Amino acid sequence: MTGGAVVSGTGTIDADGAVGAIGGLTQKIWGASLAGTEVMLMPIENCADVPDRLPDGMRIVPVGTLDEAIAALETIEGGEDPAGLERCAADSATGSD
């Protein structure tokens, strides 16, 4: 499902599949990087917490639901890049999650 990419993820998830915010995003991103992560799934609610400096070679993929996370993995499996941090800018501009 990952197309061979090393994928990590963080966030809470409720019974309806909504992904919720977490604390310590910066530390989790850098810890995942040390573990060889190429793609990091994170809650879209944490967009404001993304650090200015990110690990080289890691794609950050904000998701709001389990379905979005699965779709991102299917995109990777298909050899494409899923939507990344540009989702944060779009979400911020529209004021929605």
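## Strand β4

β4 is mostly covered: 5 of its 5 residues are buried (buried means under 20% relative accessible area, exposed over 50%, partly exposed in between, with a 1.4 Å probe and protein chains only). Val39, Leu41 and Pro43 lie on one side, Met40 and Met42 on the other, and all are buried. Strands (E, at least two residues) and helices (H or I, at least four) are DSSP runs, numbered from the N terminus.

This is a predicted model: local features need pLDDT of at least 70, side-chain atom pairs count only at pLDDT 80 or more, and totals for chains, interfaces and linings use all residues. Residues are numbered from 1 along each chain as its sequence is written, and side-chain values use heavy atoms, leaving out hydrogens and water.

## Strand pairing

Two strands pair if DSSP finds at least two bridges between them. β4 pairs with β1 in the parallel sense over 3 bridges. Val7 stands opposite Val39 of β4. β4 also pairs with β5, again parallel, over 5 bridges. There, Met42 has Pro62 in β5 as its bridge partner.

## Thr10

Thr10 sits in the loop between β1 (7–9) and β2 (12–13). Thr10 is buried, at 17% relative accessible area. Its contacts (heavy atoms within 4.5 Å) include Met40, Leu41, Met42 and Pro43, not counting residues up to four places away in sequence.

## The disulfide

The whole structure holds 1 disulfide (a pair of cysteine sulfur atoms within 2.5 Å). Cys47 and Cys88 form this link, S to S 1.9 Å. The pair connects distant parts of the chain, 41 residues apart: Cys47 is in the loop between β4 (39–43) and β5 (59–63), Cys88 in helix α3 (residues 86–94). The link is left-handed, with -70° about the S-S bond. Both cysteines, Cys47 and Cys88, are buried.
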